[in-house]
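Reader: Hi! Could you walk me through the aromatic pairs in this one, and then the contacts between chains?

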Amino acid sequence: MWAAAAGAFTNSVFGILRAYVLIALWQAKPGLAGYDVLDAVTFCFVTQAFIGPMQLFGGGLTIPERIRTGDIALDLVRPASLQAWALSEDLGRAAYLFLVRGLPPMIIGALVFGVVVPSGAGRWAAFAASFALGVLVSFAWRYLIALSVCWLADDRGVVTVSMVLTTFFSGMMLPLPIFPGLLGDVAATLPWAAMAQLPADVYLGRAGFADAVPFQALWAVALLALGALGTRAIRHKVVIQGG
Amino acid sequence: MIELERAGRVFKVKRTLVHAVRELSFTVAPGEFVGCLGPNGAGKSTTIKMLCGILTPTSGTVRVAGLDPSRRRTVLARRIGVVFGQRTTLWWDLPLRDSFELIRLLYKVDRRVFAERLDELVETLDLAAFLRTPVRQLSLGQRMRGDLTAALLHAPDVLVLDEPTIGLDVVSKNSIRSFLLRVNAERGTTVLLTTHDLGDVERLCRRVMLIDHGRLAFDGSLDDLMATAPDETIEEVVTRLYTRAGQ
Amino acid sequence: MLAWTWTRAAAAYPVSFTLMVGFGLMMAAVDLAVILVVFANTTALAGFTRAEVLFLYGAANIAFSVADMCVGNLDKISQHIKAGTLDTMLLKPAPAWLQAAVDRFTPSRFGRVLQSVIVLVTALAALDIPWQRAWMVPVMIATAGVIFASLWTLAGAAQFVLTDAPEVVNAFTYGSGQLTQYPFSVYGRDLVRGVTYVLPLAFVNWQPGLYVLGKDDPFGTPEALRFLGPVAALLLALLAALAWRQGIRRYRSTGS
């Protein structure tokens, strides 16, 4: 519990530091990518708030450790699918962290700078849906990374690459619309955009339900499907082959 | 070599004061081999920690090799060797050999002297087979022998052991006991050993101390201890002392 | 002795070592990429050009990553306390601080050092600083290194009290790294005052950097402040040493 509080504190501090940089950028280029300064600051704190529930720095799953100790075999012979079971665990944690690590940065941001708050039940509903999908996409991605431990002796490489890609392309560092040229175009299509960028845009009212949800859902389905394939592969390796 | 004069150690546990060690006084002369018995929570580990400088006494004085462990910790560290039965003093991820090399550097042992000593210890304790193995992969018996080696590489004047034979199989226990006897006899190293294993006591200790509730309940030779009840086994004698001390 | 353990560990697993350095480079690259994206959108940020920002970033980051590499493990001391391995350190004839600092060998941090050096060299080449001011660059990096090392020591000292929430210190150690990536003209006046006079992070790269770049301080501090880096670093180091000693003393007198 203390670890979560400490995380909330760190997320808030980083939120403040990043917000200042964004303010300076938006002062140099007002209206950049269609955001105003307040939007940019809000975006910063919203994405910081996402770090806890979506585990944007990776991890949050016990699967890699269980693979290393061999306990994963026990999980695989359960009637429930490994992916479903891991998802329910992750959702529980996400809900808890939404409160403990999600709210504080938003509150701090509101106190120090002032943030945009969605108006109207419609926007809140759209945001709720988008946020939930963001968590789902993040889970599906992390699940795939977690499974890879089964085939790789040392997972540090995969974990590092995943963290680099997620932090950079989720919009957590800078809003994706300001990425130049081709980089920006590609970034908008990648799964990580579905994690933080889109829910944040929905929150700000820059994207509507129809703009965000289908894209997020598409990636969620695609990654979960890959996850199901991965589960079958790992079951084959561990239970049938005894790997 | 070791002198405790009315040493005391008080802990504050949730607003109550716990006297882990209370007016403990004893002296250990150089070259002695002393065993320290006592039920769990008696204050043995606390006493050991005070001897090593890990914990400072709240009252009384402690002197080891003429030094005050709380004030001269690093100086004392060169003169004592410590083995914790439940925790290793070696570096977890490094091969055993590298741990020894680090010890040589830390304790500033002359290279040639070190090489001789290490060879002798490797041979006596039969370490050759796993010198290259990382410490974390060693079995308990292997690790214990590694810890013993590490404790002796700098030729300390005093060897302190906290439950060194815990969890070991019979063969390992015997070989460690023989080794300790040799170290004490050949080098004159003062040895202080805490243990729950009465076999250790019978085999090794001429002098036995019994600590309970932070106090010294018995201090004398093993023969004296057995003489208090000539018909009983050592287990029976010690059990009686434990339960009596608890009253 | 330090060098010995590290080269030994590196030599043992050369492939792993290079990979880890690569990963460190990758992670550090994200920070660099952020700066580059920012400057893809503007030519000046709070009055500083891209080369100037990269200079400030490179200088601070070299110091930060070297300090992290050398003493970064100090913020793990709470793990040692919980596991009882601090006792093991106290048995050895070396200061606990040193043992705790070198406890783990992390080649990935070296990757960050490498990246920062490349960035700094590139930035300096683009800036063309005259010799009369360039002397400050190594001074400021050394000073920054001492400041960051002191910060980690303070983080370690704090853990003797904060054993249940050790992660809190990350906000200060890694937060300081983040703070010094950008010129302080982006930050609010109060924050800048705080990190000048309370926690002297301004002397990591901002104050001396202003001198090197030949710029005036937008917050209006006197010229003399540019040179007080070493003094600030010394004071902080003393504070850190005292705090650490206090922490160890407390541990030895109250037990774990």
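Author: Happy to. This is a predicted model, and the count over all chains comes to 30 aromatic pairs.

Reader: Nice. Take A:Phe9 and C:Phe172: how far apart are the ring centres, and how are the planes set?

Author: Their centres are 5.9 Å apart and the planes sit at 45 degrees, so this pair is tilted. It crosses between chains, running from A:Phe9 in helix α1 (residues 2-28) of chain A to C:Phe172 in helix α10 (residues 170-179) of chain C.

Reader: What does the pair of A:Phe127 and A:Tyr203 look like?

Author: Those ring centres lie 5.2 Å apart with the planes at 75 degrees; planes over 60 degrees apart count as edge-to-face, so that is what this pair is. A:Phe127 belongs to helix α6 (residues 121-148) of chain A and A:Tyr203 to helix α9 (residues 197-204) of chain A, so the pair ties together parts 76 residues apart in sequence.

Reader: Are those two buried or exposed?

Author: A:Phe127 is buried, at 8% relative accessibility, and A:Tyr203 is buried as well, at 6%.

Reader: Which residues do ring pairs link into a cluster?

Author: The cluster is made of A:Tyr20, A:Phe45, A:Phe113, C:Phe48, C:Phe184, C:Tyr187 and C:Trp206.

Reader: Where does a charged end sit over a ring?

Author: Here are two places. The charged end of A:Arg206 is over the ring of A:Tyr35, 3.7 Å from its centre. That of C:Lys92 is over the ring of B:Trp91, 4.5 Å from its centre.

Reader: Switching topic: how much area is buried between chain A and chain C?

Author: About 2700 Å², with carbon and sulfur atoms giving 81% of it. On the chain A side, A:Leu17, A:Tyr20 and A:Val21 lose the most area to chain C, together 20% of what that side buries. The contact takes in 29 residues of chain A and 32 residues of chain C.

Reader: How many salt bridges and polar contacts are there across it?

Author: Zero salt bridges between chain A and chain C, and two residue pairs in polar contact. The elements giving two or more residues to the chain A side are α1 and α7 (156-169) of chain A, and α1(A) gives the most, with 14 residues.

Reader: Last one: what do chain B and chain C bury between them?

Author: About 2300 Å², 59% of it on carbon and sulfur atoms. In chain B, the residues that lose the most area to chain C are B:Ile54, B:Arg73 and B:Leu106, together 27% of what that side buries.

Reader: How many salt bridges there?

Author: Two between chain B and chain C. One salt bridge joins the side chains of C:Asp87 and B:Lys49 (3.7 Å, N to O). There are also ten residue pairs in polar contact between chain B and chain C.

Definitions and conventions. Residues are numbered from 1 along each chain as its sequence is written. Chains are lettered from A and ligands numbered from 1 in the order in which they are written. This is a predicted model: local features need pLDDT of at least 70, side-chain atom pairs count only at pLDDT 80 or more; totals for chains, interfaces and linings use all residues. Side-chain values use heavy atoms; hydrogens and water are left out. Rings of Phe, Tyr and Trp (its six-membered ring) pair if their centres lie within 6.5 Å; planes under 30 degrees apart count as stacked, over 60 as edge-to-face and the rest as tilted. Helices (H or I, at least four residues) and strands (E, at least two) are DSSP runs, numbered from the N terminus. Buried means under 20% relative accessible area, exposed over 50%, partly exposed in between (1.4 Å probe, protein chains only). A charge sits over a ring if NZ of Lys or CZ of Arg is within 6 Å of the ring centre and within 35 degrees of the ring normal. Contact means heavy atoms within 4.5 Å. Buried area is the accessible area (1.4 Å probe) that two parts lose on being put together, summed over both. A salt bridge is a side-chain nitrogen of Lys or Arg within 4 Å of a carboxyl oxygen of Asp or Glu. A polar contact is a pair of N or O atoms within 3.5 Å; within protein, one must be able to donate a hydrogen and the other to accept it, and residues adjacent in sequence count only if both atoms are side-chain atoms.
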